[in-house]
Amino acid sequence: MKKALLLATTGLALILAGCSNSSSSSKSTDNSAAYKTEMTKGNDAVSDQNYSRAADHFESAVKSKKTDKATASEKQATNLVKAKKLMNKRQFSAAKKALTIAKDQDNGNKKMTAKAKTMLKQVDKIEVTRNN
C-alpha cells in the first residue's frame, strides 16, 4: 500500500512538473510573437513617419523581449519626436542635439537615421536663414 501511494505521488509530481515547463515555454513563445508583432507595427509606423506611434510599439517590443535593436529603435523614434517638438518651439540647438543622437544611434533603424539626417539639414538651413 505504501509503495502504491509513493508511486502515485511521484507520478503526480512528475506530471505537474511537466505541465509547468510547457506553460513557461509557451510564455517564451508568446513573448517572441509579441516582440515580432510590435517590431513590425513599429516599423510600419516609421514608414508612415508616425514616430510617436513607432516609439510606443518599440517600447512594447522591449517589454516583450529586450534586444539591442528594439531598444535602439525606441530611443531613435523618441529622439525624432523630441526634435520635432523642439523645432516647432523654435529651439533649434536642442533639436540638433536630439537629431544627432537619433542619427548616430547604434543598431538603429535606417529609415529613422535618414530622416534624422534630413531634419538636421533642415535645421541648418533654418539657422542660416535666421542669421541673415
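H4 passes H5 in a left-handed crossing. The model is predicted.

**H4 with H5**
- The axes of H4 and H5 lie 9 Å apart, at an angle of about 155°.
- H4 is therefore roughly antiparallel to H5, since angles over 145 degrees count as such.
- H4 contributes Phe92, Ser93, Lys96, Leu99, Thr100, Ala102 and Lys103 to the contact, and residues of H5 including Met119, Val123, Asp124, Ile126 and Arg130 take part.
- By class, this contact of H4 with H5 has eight nonpolar, three polar and six charged residues.

**H3 with H4**
- H3 and H4 pack with axes 8 Å apart and an angle of about 165°.
- That angle makes H3 roughly antiparallel to H4.
- The crossing of H3 and H4 is left-handed.
- On H3 the contact is made by Gln76, Asn79, Leu80, Lys82, Ala83, Leu86 and Met87, and on H4 the residues include Phe92, Ala95, Ala98 and Leu99.
- The contact of H3 with H4 has 11 nonpolar, two polar and one charged residues.

**Nonpolar core**
- The largest nonpolar core has 27 residues, of which Phe58, Leu80, Met87, Leu99 and Met112 touch the most other members.
- Helices H1 (2-47), H2 (51-64), H3 (68-88), H4 (92-103) and H5 (110-131) each give two or more residues to this core.
- H3 supplies the largest share of the core, seven residues.
- Not counting residues up to four places away in sequence, Met87 touches Phe92, Ala95, Leu99, Met119, Gln122, Val123 and Ile126.

How values were computed
Residues are numbered from 1 along each chain as its sequence is written. This is a predicted model: local features need pLDDT of at least 70, side-chain atom pairs count only at pLDDT 80 or more; totals for chains, interfaces and linings use all residues. Side-chain values use heavy atoms; hydrogens and water are left out. A nonpolar core is a set of buried Ala, Val, Leu, Ile, Met, Phe, Trp, Tyr and Cys residues joined through side-chain atoms within 4.5 Å. Buried means under 20% relative accessible area, exposed over 50%, partly exposed in between (1.4 Å probe, protein chains only). Helices (H or I, at least four residues) and strands (E, at least two) are DSSP runs, numbered from the N terminus. Contact means heavy atoms within 4.5 Å. Axes are lines fitted to C-alpha atoms, for helices over the stretch in contact, and angles run from 0 to 180 degrees between N-to-C directions. Angles under 35 degrees count as roughly parallel, over 145 as roughly antiparallel, 65 to 115 as roughly perpendicular and the rest as oblique. A crossing is left-handed if the near helix is turned anticlockwise from the far one by less than a right angle, and right-handed if clockwise. Ala, Val, Leu, Ile, Met, Phe, Trp, Tyr, Cys and Pro count as nonpolar, Asp, Glu, Lys and Arg as charged, and the others, Gly among them, as polar.
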